[in-house]
Amino acid sequence: MGTLFSRRAVLAGLTSGAALSTLPINHAFAALDDKPFYFLTPDEARFLAALCDTLIPEDDFPSASQAGVVDFIDLQLAGPYGKGQFIYMQPPFPSGTPEQGYQVSLIPATFIRQGIAALMEAETGFVDADTEARSSVLTRLSEDDFDLGDLPAKPLFDELWTLTNQGYFADPIYGGNEGYAGWEMVGFPGAHAYYLSFVDKHNVPYPQPPTGINHEPGGDGRIPSGLKPQEV
Amino acid sequence: MPDKTLPRTDVVIIGGGWTGLTAAYELAHEGQKCVVLERGDHRHDATSFGAPEEHDELKYALHHTHMMDVKTSTLTFRNNRSQRALPMRRLGSFLPGEGLGGAGIHWNGQIWRPLPSDLEMRSHYESRYGAQFIPENLNVQDWGVTYEELEPHLDFFEKICGAAGYAGNLNGETREGGNVFEGPRSDEYPNPPMKQPIRSTLFGEAAADMGLHPFPLPSANVTQKYENPYGAQLHPCTYCGFCERFGCGYFAKADPIICVYDRIKEHENFEIRFRSTVMRVEKSEDGQTATGVTYIDSDGLEVFQPADVVCMNAYALWNVHLMLVSGLGRPYDPQTGTGTVGRNYAYQTLAGVDVFFDEEIITNPFMGAGALGTVIDDYNGDNFDHSELGFVGGGYVACNQYHGRPISYQPTPEGTPPWGAEWKRAVRENYLHHAGIGVHGSSMATPDNFLDLDPTWTDSFGRPLLRMTFDFPDNDRRMSNYVMERAVEIARNMEHVRSYSSSNRAAEGSGYSIEPYQTTHNTGGAVIGTDPSTSVVNRYGQMWDHHNVFVFGACLFPQNLGYNPTGPLMGLAYWTLDHLKSDYLANPRPLMDA
Amino acid sequence: MKPGIRKTFARLAMLAALAPIPVMVGAQDTETPAISELEARLDDERSLFNATVSDTAPDDDLLELGPLVAMGGAENGGSGMACITCHGGQGAGDGSGAFPRLTGLSGWYTYKQLNDYASGARPNEVMTGIAQRLTEREREAVAVYYSVVEAPIEKPLGEIDLGLLQWGGQLAAVGSAEKGIPACVNCHCAEGTGNPPSVPYLAGQYANYMSYQLQLWKEGVRDNDAMGVMSAIAEKMSEEDMRAVSEYYMRVHNPETTGE
């Protein structure tokens, strides 16, 4: 059973961090507030928010954590991905060449939990550090220039970056891409796709507001007025 | 001893993908009782692949829900024999399928034919460039079957798929606008080409301006309503952008379920058993034939299914694995160069150019299809003069528009940091203004690239995993670089280009990596030919060692083509089935003298 | 906000001062809303996308012209018949099967239908003449108009066999593997909301109209979608299939049947 801290309570801790003081009221945790994280502890969530927001910072579009990426990662780690359902886990686990790919002997949930713990221990000021300092930590991690004891640094970075990126751009049914942040940013209309009459219309913008699998309307979130069911 | 032994059947077919279901269709109609054993589950386009649920990039494209389950079975990999092979713990470089339809469900639908010279590669190069031209360390060989022999079968498969394209060589007459390098076609494509988006149009214009020969990519994404020769009805593609790695709920991408399975499933001679994994092919005591197969059924029981004919229709790699664990044929020994099973494993070389347009060009990349694009074949096979180049083979150069799925499609110009604020801005600014030009190249077989069994790791049934030893041959690296440079020239000649950058998976100095996706075009390991010392099956797809075992799929390719393999391997499948039906069944025997 | 949209908002702001144009033709649902009301409904990206016919978003002149065309006024002496006479001022249509609901259909879609009626690509004795008397701009204007009006969904009449409805729901959701019919939701989206601009909604559309159209697709009389997608599907459907799926979709999202 995960620790029963509500997402809003975790956020309260977040807002004390200098880098995250600009979070809007309607933040990423709000949607799932009053529910505990499924997997992450509050400390882990705070650390991940700082890490993810270094990878995808806020600009005209939300940062990773503002777009629900921490919620996404929480759900992923609690689900089949975290449990190693997509990985051949038979031992032994000798080390190999980069060309031989991922050879971590832990399931992703454990790998990431231990990885975050090791990073928090090595970089105690990470959450409160400025972007430059956090970027430099992540650069070292991504370049395998980081001593995490038994844990491999670059695979840990790759895993965290993959999850962050997925959380920003995957369908909102997975808890991230809140308000279609990622899809709005690039102009991807989403899961409802029918372009037979448009594919050969060259250089014509197609500003269809995104819609996900769950039919949550994007754009400013409103259904066209004519399509609204109305009382007779 | 198996838990149970079933009554004999005429034909047992291992695998329910394109070749397996096709074999069942053709043989069932020939009066043969066919049992198909499929290790995965039943699924159907109507009920399993409908949008919008199917349009889930994370689930299908990245968590590989339609593909093989590596948790229970995978392979081990190393670049060379001096290394210890390690398990491919996650899918990456290639994505074999599992379940009804196999990988034919999640293909892109790029439907090609081999060049006539591809099928006679050694003879062709030796006659054009001299006996010494092919580098010594390459196992280049002829297929033993010619283009002329395969043509009716290639043509028939295109009709099964409702292929969309424009013939560049119709009965020997060359036609501009099609692939002028292709072998003669006996018929036009059954459907007209796909519509072209802006990026491939610009590519085609630039290529034509340089005297090259652009044409629409041949496509099994159907372009108008169509009924195939089996009576399957296909619908027009909607350009939804969820093709490769996804099933098609629109009935618009030809796949083995709607094109074949639906047309045979009710036939009295047809039976398919799901969740049935074949453990081994059983040999007769005299060693001349196979007696049937032993499989684990959906209840976990070990079952012996006796059969008069065994058809091996698993994915290329797993056909070879099954031969090795069954002791069929003689395993290849790289030390002595003897043996054939596992020999001539090959892959493909992928390179490309990323092109970034000015703001005027709006590509709408999400309007895509698996086989949507414009291509040139001027640098494929031996369509260009190799005499001064120092390599054999080639590849096509294509500007395609597959999809704009936002996790996988994040083009950024060279020099963009891999994450952070600048990366984010670059993704946002370039998403609608980019084109990828792909170089899809051949790969030659060498004595050092092969498949055998791993000494350490096992699958969930306790069988040793397949072990892959592979790196790109120097020949292929030179070839890939050469064709990539030609692609760069086209990019330079395209209108509205702000910047471009090139990359090559087979670049000099970098090893083949099992991790990034390249192609699901693994070939060889059980190759076709006319000489039992260099091939596992004769030119009819029949095993030299066991005449009632017929082998299908890309494992037959002696070396890999510069094309996507589904068209060629299905041409071979119909060729084999033709000889099975017209000759072998009435008089079972080796169809060629060893 | 995208530049094109911003421009339109500026134009719409200019419209805000214009007066409403109430019109009574005698029949029910024949009043057209005020321009300011139409404009207010275009203030979100999705409605704007739904309304947009061509490369550029609707301008103020177009929004003014729309209700006039709907009421039968136009350059060439009008369409000969006001749209509102049969389809109503808010596009509610009626259940006869001849007069579909137009309310909220995308501008692109309705405009294309009018062009196809005019050219004969979508044969229809009544609509061909009407569409031919409209200029291209008038077709665009009236298409935009009907994309932004609002009307309640009509209550279905009579009893319905629940087995038929269930079959319709099944065809809608997963199609039929046996018959090779792909699910409606593939293109018309779950709950039949449509996928503007090119795929119309089914939810709340009249069952008689939908089943009649399916029949026309099947017979090849109607063949005006891109590459004949609908004919390919309808050809595989029996009359009962058509009835089932049409009755089903009429009831989806219908407050009368869902209690919303």
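The expected span of a helix is 1.5 Å times one less than its number of residues. With that rule in hand, a reader of this predicted model can begin with helix H6 of chain B, which covers residues 147–161 and has 15 residues. From its first C-alpha to its last, H6(B) reaches 20 Å, close to the 21 Å expected at 1.5 Å a residue. An α-helix has 3.6 residues a turn, so residues three or four places apart point the same way. In H6(B) the buried residues include Leu150(B), Leu154(B), Phe157(B) and Cys161(B), and Tyr147(B), Glu151(B), Glu158(B) and Ile160(B) are also among them. The buried residues of H6(B) pack against several other elements of chain B, namely helix H1 (18–28), helix H4 (116–119), strand E10 (233–234), helix H8 (256–264) and helix H12 (566–584). Just after H6(B) comes Gly162(B), which takes a positive phi of about 65°.

From this helix we can turn to a sheet in chain B. Strands of a sheet pair through backbone hydrogen bonds, either parallel or antiparallel. Here six strands form an open sheet in the order E8-E16-E17-E18-E15-E21 of chain B, and the pairing is antiparallel. Strand E8 (215–216) and strand E21 (497–504) of chain B are the edge strands, since each of them pairs on one side only. Helix H7 of chain B, made of residues 198–209, packs on the sheet and touches E15, strand E16 (373–376), strand E17 (395–400) and E18 of chain B, while its direction makes about 25° with that of E16(B). Helix H11 of chain B, residues 474–493, lies across E15, E16, E17, E18 and E21 of chain B, and runs at about 15° to E15(B).

The individual pairings can be followed across the sheet. E16(B) is joined to E17(B) by four bridges, and the two run antiparallel; within this pair, Val375(B) has Ala398(B) in E17(B) as its bridge partner. E17(B) in turn pairs with E18(B) in the antiparallel sense over five bridges, and there the bridge partner of Gly395(B) is Gly441(B) in E18(B). Strand E15 (residues 349–357) of chain B pairs with strand E18 (residues 434–441) of chain B over eight bridges, again in the antiparallel sense, and Thr349(B) stands opposite Gly441(B). E17(B) is mostly covered, with six of its six residues buried.

Most residues other than glycine have a negative phi, and most peptide bonds are trans. Asn364(B), in the loop between E15 and E16 of chain B, has a positive phi of about 45° although it is not a glycine.

In chain A, a cis peptide bond with omega of about 0° joins Pro91(A) and Pro92(A), and Pro92(A) lies in the loop between helix H3 (69–78) and helix H4 (108–122) of chain A. In chain C, the peptide bond from Pro196(C) to Pro197(C) is cis, with omega near 5°, and Pro197(C) is placed in the loop between helix H10 (185–188) and helix H11 (207–219) of chain C.

Chain A also shows how helices can cross. Two packed helices are described by the angle between their axes and the distance between the axes. Helix H2 (residues 42–55) and helix H5 (residues 131–142) of chain A pack at an angle of about 90°, with their axes 10 Å apart, which makes H2(A) roughly perpendicular to H5(A). On the side of H2(A) the contact is made by Ala50(A), Leu51(A), Asp53(A), Thr54(A) and Leu55(A), and on the side of H5(A) by Thr131(A), Arg134(A), Ser135(A) and Leu138(A). These residues divide into four nonpolar, three polar and two charged.

A last stop is Pro152(A), in the loop between H5 and helix H6 (153–169) of chain A. Pro152(A) counts as partly exposed, at 31% relative accessibility, and, leaving aside residues up to four places away in sequence, touches Val104(A) and Phe111(A).

Technical notes: Residues are numbered from 1 along each chain as its sequence is written. Chains are lettered from A and ligands numbered from 1 in the order in which they are written. This is a predicted model: local features need pLDDT of at least 70, side-chain atom pairs count only at pLDDT 80 or more; totals for chains, interfaces and linings use all residues. Side-chain values use heavy atoms; hydrogens and water are left out. Two strands pair if DSSP finds at least two bridges between them. Contact means heavy atoms within 4.5 Å. Axes are lines fitted to C-alpha atoms, for helices over the stretch in contact, and angles run from 0 to 180 degrees between N-to-C directions. Angles under 35 degrees count as roughly parallel, over 145 as roughly antiparallel, 65 to 115 as roughly perpendicular and the rest as oblique. Ala, Val, Leu, Ile, Met, Phe, Trp, Tyr, Cys and Pro count as nonpolar, Asp, Glu, Lys and Arg as charged, and the others, Gly among them, as polar. Buried means under 20% relative accessible area, exposed over 50%, partly exposed in between (1.4 Å probe, protein chains only).
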